[in-house]
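Dear colleague,

Please find below the structure that I am handing over to you. My notes on what was found in it follow directly after.

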Amino acid sequence: MAQVHHVLTQRDVSVELGRWSLQGSIDWREWDGEFVVRCDASAATYLLSTLAGETLKALRDGPAHVEDIGARVFGDSAKPSPATAALIASFADVQSDTQGLLGVLKELEGLGLVRASLT
Amino acid sequence: MIVSELGAPALAARLRSGGLRVRTGPVVVNIESPLADVHAGLALHYAQHTVEPADGFADFHVRVDRPRSLRRWIKPQVIFRHDGAEPFTPLAGNQGFAVLEWGLNWCVSTHCHQYLIVHAAVLERGGRALILPAPSGSGKSTLCAALAFGGGWRLLSDELALIDPATGRVVALPRPVSLKNDSIDLMRRFAPDAVFGAVVHETSKGEVAHARAPAEGLLRADQPALPAWVVLPRYLAGAPTQLAPLSRARGFMALVDNAFNYHVHGRSGFATFAGLIDRCACHEFSYSSLPEAVTLFDRLARSA
């Protein structure tokens, strides 16, 4: 069975200061809160959790610092989809503690889907 | 003309010299072999397949023969040749027809890149295709055979799902169904009218026997089908018959994980699988009883 990528990693202050952006061309589809994405650069395809997929989707609006990504993922909850509502309930702490989101971003970086830059 | 109309002497003559040019689905293969068990296997399993003109086009030129070594006199082996090359090591001499079948699978899965190819059995009913992607040993072919021989489903393939990226449809490749070990007797009891070839012992997969593809699959080999279900089968001894929902994303990944040439198709492959999954219900299926499995898939087909 395919592995779901969503792993928390240790704190990395340098990337917290940077802005995150999508890396290269990415194809994706979402079904019921689960995402599949294909990185054109590596030709690899991944199954992503709701949080990882929503994080990636948030970056379609442009590069952002982790706090802004958090706001994009969790901020617009006026009419959340069932999957997003469940996500917000599961990760309520993420808005105040960005470590969870950073962990996701670091793993997405490891997969070649996003990159951080100090700008 | 079909193979059975040739008669045994003419079939053997073609196989010994020049080759038998036979069509299976969209593929034409020119087969040569001096081996009697290959002749017998083709006469039995490909009896209803169309013979193509000897001067026509063939996608593959293959030959099953004895290797050119002293072993041909001591402990005979068989070798599969494709365009004169020998992509595999020789196998025991009694495995000629099985080697031909495995070699043809290799030919299609490594060359027919006009299709997105998944290691899966495919059947059709009511114009809708059921895709059973799974690695070897999962019970895929056993379930496929049960549905094809006793469940009212048309066999498209027991091994290779050929998905046309342009239409999203699965193209039929009706060839013998490969059964292994306990599945052979299980299927003989379940489908006594099915036509089986000789059991080949001590292959790398254990005992292997092929069952001739049902006639309907051959008669309608030119009719592709649009997928409606992706079901991941798993045979578990003693397990209850159980069909459980599978998320579409995981169904998608099952197609990717079992694809032979997804990497070749790039972004188009992703879009093709995504479009397929959009149209399909996805399930996981575990079973140990073939009659119960057939009943369940009958209900599945009727309920959609």
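**Strand pairing around strand 17 of chain B**

In strand 17 of chain B, E284(B) is the bridge partner of L232(B). Please bear in mind throughout that this is a predicted model. The pairing in question is between strand 15 (residues 226–235) and strand 17 (residues 281–287) of chain B, which run parallel and are joined by seven bridges. Strand 17 of chain B also pairs with strand 16 (residues 242–245) of chain B; here the two run antiparallel, and four bridges join them. As background, strands of a sheet pair through backbone hydrogen bonds, in either a parallel or an antiparallel manner.

**A three-stranded sheet in chain B**

Chain B also holds an open sheet of three strands in the order 12-14-13, with antiparallel pairing. Its edge strands are strand 12 (177–180) and strand 13 (200–203) of chain B, each of which pairs on one side only. On average, neighbouring strands of this sheet are turned by 35° against each other, direction ignored. Strand 12 of chain B is joined to strand 14 (residues 206–211) of chain B by four bridges, and the two run antiparallel. In this pairing L179(B) is opposite A209(B) of strand 14 of chain B. Helix 7 (residues 182–190) of chain B lies across strand 12 and strand 14 of chain B, and runs at about 115° to strand 12 of chain B.

Most residues other than glycine have a negative phi. N181(B), in the loop between strand 12 and helix 7 of chain B, has a phi near 50°, a positive value in a residue other than glycine. N181(B) counts as partly exposed because it has 15 C-beta neighbours inside 10 Å. D83(B) likewise has a positive phi, near 50°, and is not a glycine. D83(B) is found in the loop between strand 5 (77–82) and strand 6 (91–92) of chain B. Is D83(B) buried or exposed? With 10 other C-beta atoms within 10 Å, D83(B) is exposed, since the limit for that class is 12 or fewer.

**Helix packing in chain B**

Helix 2 (residues 8–16) and helix 3 (residues 36–45) of chain B pack at an angle of about 125°, and their axes are 10 Å apart. This angle makes helix 2 of chain B oblique to helix 3 of chain B. Their crossing is right-handed. On the side of helix 2 of chain B, the residues that meet helix 3 of chain B are A8(B), L11(B), A12(B) and L15(B); their counterparts in helix 3 of chain B are V38(B), H39(B), L42(B) and A43(B). By class, this contact has seven nonpolar residues, one polar residue and no charged residues.

**Chain A**

Chain A has five helices and seven strands, which follow the pattern β-α-β-β-β-β-α-β-α-α-α-β along the sequence. Of its 119 residues, 33% count as buried. Among contacts in chain A between residues at least 6 apart in sequence, 66% join residues at least 24 apart.

Three strands of chain A form an open sheet in the order 6-2-7, with antiparallel pairing. Strand 6 (64–65) and strand 7 (114–117) of chain A are the edge strands, each pairing on one side only. Strand 2 (residues 19–22) of chain A pairs with strand 7 of chain A in the antiparallel sense over four bridges, and L22(A) is opposite V114(A) of strand 7 of chain A. Helix 5 (residues 99–110) of chain A lies across strand 2 and strand 7 of chain A, at about 110° to strand 7 of chain A. Q99(A) lies in helix 5 of chain A and is partly exposed, with 16 other C-beta atoms within 10 Å. The C-alpha atoms of Q99(A) and D32(A) are separated by 25 Å, the two residues being 67 apart along the chain.

**Contact between the chains**

How many residues does each chain bring to the contact? Chain B and chain A each contribute 13 residues. On the side of chain B that touches chain A, helix 9 (248–257) and helix 10 (262–279) of chain B each supply at least two residues. Helix 9 of chain B gives the most to that side, with seven residues. The residues of that side divide into six nonpolar, three polar and four charged.

With kind regards

Definitions and conventions. Residues numbered from 1 in each chain as written. Chains lettered and ligands numbered in written order. Predicted model: local features only at pLDDT ≥ 70, side-chain atom pairs only at ≥ 80, totals over all residues. Axes fitted to C-alpha atoms, helices over the stretch in contact; angles between N-to-C directions. Parallel < 35°, antiparallel > 145°, perpendicular 65-115°, else oblique. Left-handed = near helix turned anticlockwise from the far one by under 90°. Contact = placed C-beta atoms within 7 Å. Nonpolar A, V, L, I, M, F, W, Y, C, P; charged D, E, K, R; others polar. Pairing = 2+ DSSP bridges. Buried ≥ 20, exposed ≤ 12 C-beta atoms within 10 Å, placed from the backbone.
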